[in-house]
Amino acid sequence: MQLGIVGLGRMGANIARRLMRAGHACVVYDKDPTPGSTLAGEGATAASTLAGLVQNLAAPRAVWVMLPAGPATETAISELSKLLSPGDTLIDGGNTFWKDDVRRARELEPKGLHYLDIGTSGGVWGLERGYCLMIGGGKAAVDRLDPIFSALAPGKGDIPPTVRRAGRDPRVERGYLHAGASGAGHFVKMIHNGIEYGMMQAIAEGFDILKHANSPRLPEDLRLSIDVADVAEVWRRGSVVTSWLLDLTAAALAEDSELSAFSGHVDDSGEGRWTVQAAIEEAVPAEVLTSALYTRFRSRQDHTFAEKVLSAMRKGFGGHVEPGKS
């Protein structure tokens with residue numbers, strides 16, 4: 001199949017590469033011509049304008065926007081909606097607030113345009129590992145673009161099948177899900193990221209306690225000297241807290257158990273706040289997720305080893321660099 005991709009940052013460019021590896025054709029565009037030129041050398045068609053991107057796509061077209069949530073995405077979707085034709089599909093694969101998706105789908109429907117919101121998880125490792133996709137929108141558009149989603153998803157891999165799943169949607173076992181109507185994809189991804197905050201916080205606090213097991217505040221005969229890098233490594237192998245986040249923590253600690261390259265300043269990209277907001281609107285208690293979000297706020301004022309672990313994990317899965325560092 002053919003797909004247009006707007007936004008060739010850390011994830012957008014690798015989405016194009018993964019699709020081309022699977023035999024799909026990509027027409028790409030970015031305000032910065034450099035990544036487009038690079039991808040053109042790898043087999044993509046690079047466009048110099050959004051209009052040029054649309055002209056290089058055969059109807060019915062599909063355009064995937066992979067830009068930061070907010071004005072950049074809004075502008076791109078608005079411009080593309082004027083260039084596309086009835087029957088074409090617009091996709092937002094970034095981390096947009098789900099209520100904006102509901103509005104966009106409603107606005108684009110009279111123009112005959114399909115709109116899909118896709119929560120995309122995989123970060124800088126998606127090219128090799130694949131992207132877990134959470135898709136919102138109409139069934140017809142989702143089904144038509146299934147070859148694209150199947151190529152981007154991780155596949156079954158070596159994960160054992162879940163018992164008693166017979167008769168359920170087999171796509172989820174390959175790493176992609178049609179979550180529901182417009183907004184559902186980004187809603188599910190929003191909750192995913194809120195949970196991620198909580199999991200990261202638990203790992204970070206645990207290693208902070210291990211790191212300070214030899215604190216001078218403790219009686220001398222109760223102090224323990226624990227190699228946190230080795231703890232992370234042994235927990236990766238058969239423990240109940242085994243996870244990709246733990247893998248990333250182990251790699252960072254193996255390189256430098258002090259995490260001296262990290263200050264502990266931990267940003268949040270919006271999804272944690274939206275998750276807490278949803279919990280408030282639904283009157284659902286979410287103490288762990290809320291606490292994890294507030295800890296990120298505090299980290300910008302005072303840093304602990306736990307925040308260094310958080311920062312190391314963020315760099316590991318998403319390439320997020322602390323402010324002032326490159």
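Mentor: A cavity here is a set of grid points where a 1.4 Å probe fits but cannot get out. By that rule, this predicted model has 1 cavity of 30 Å³ or more. The space in the largest cavity is about 30 Å³. Its lining consists of Asn95, Thr96, His186, Lys189, Met190, Glu271 and Trp274. Two helices, α9 (184–211) and α12 (271–282), each supply at least two of the lining residues. The largest share, 3 residues, is from α9.

Now to the nonpolar cores. The largest has 31 residues, and those with the most contacts inside it are Ile5, Leu19, Trp64, Leu133 and Phe149. Elements giving two or more residues to this core are the strands β1 (2–6), β2 (25–29), β4 (62–65), β6 (114–121) and β7 (132–136), together with the helices α1 (12–21), α7 (139–144) and α8 (146–152). Among these, α1 gives the largest share, 5 residues.

Leaving aside residues up to four places away in sequence, Leu133 touches Trp64, Ile118, Gly119, Thr120, Phe149, Leu152, Gly175, Tyr176 and Leu177. Both Trp64 and Phe149 are also on the list of residues with the most contacts inside the core.

Apart from this core lies another, of 25 residues, which includes Val231, Phe262, Ala306 and Ala312.

Terms used: Residues are numbered from 1 along each chain as its sequence is written. This is a predicted model: local features need pLDDT of at least 70, side-chain atom pairs count only at pLDDT 80 or more; totals for chains, interfaces and linings use all residues. Side-chain values use heavy atoms; hydrogens and water are left out. A nonpolar core is a set of buried Ala, Val, Leu, Ile, Met, Phe, Trp, Tyr and Cys residues joined through side-chain atoms within 4.5 Å. Buried means under 20% relative accessible area, exposed over 50%, partly exposed in between (1.4 Å probe, protein chains only). Helices (H or I, at least four residues) and strands (E, at least two) are DSSP runs, numbered from the N terminus. Contact means heavy atoms within 4.5 Å. On a 1 Å grid over the protein atoms alone, a cavity is a set of points where a 1.4 Å probe fits but cannot get out, and a pocket is an open set with protein on both sides within 12 Å along at least five of seven lines; lining residues have an atom within 4 Å of a point. Grid points are joined across faces, edges and corners, and a volume is the space filled by probe spheres set on the points.
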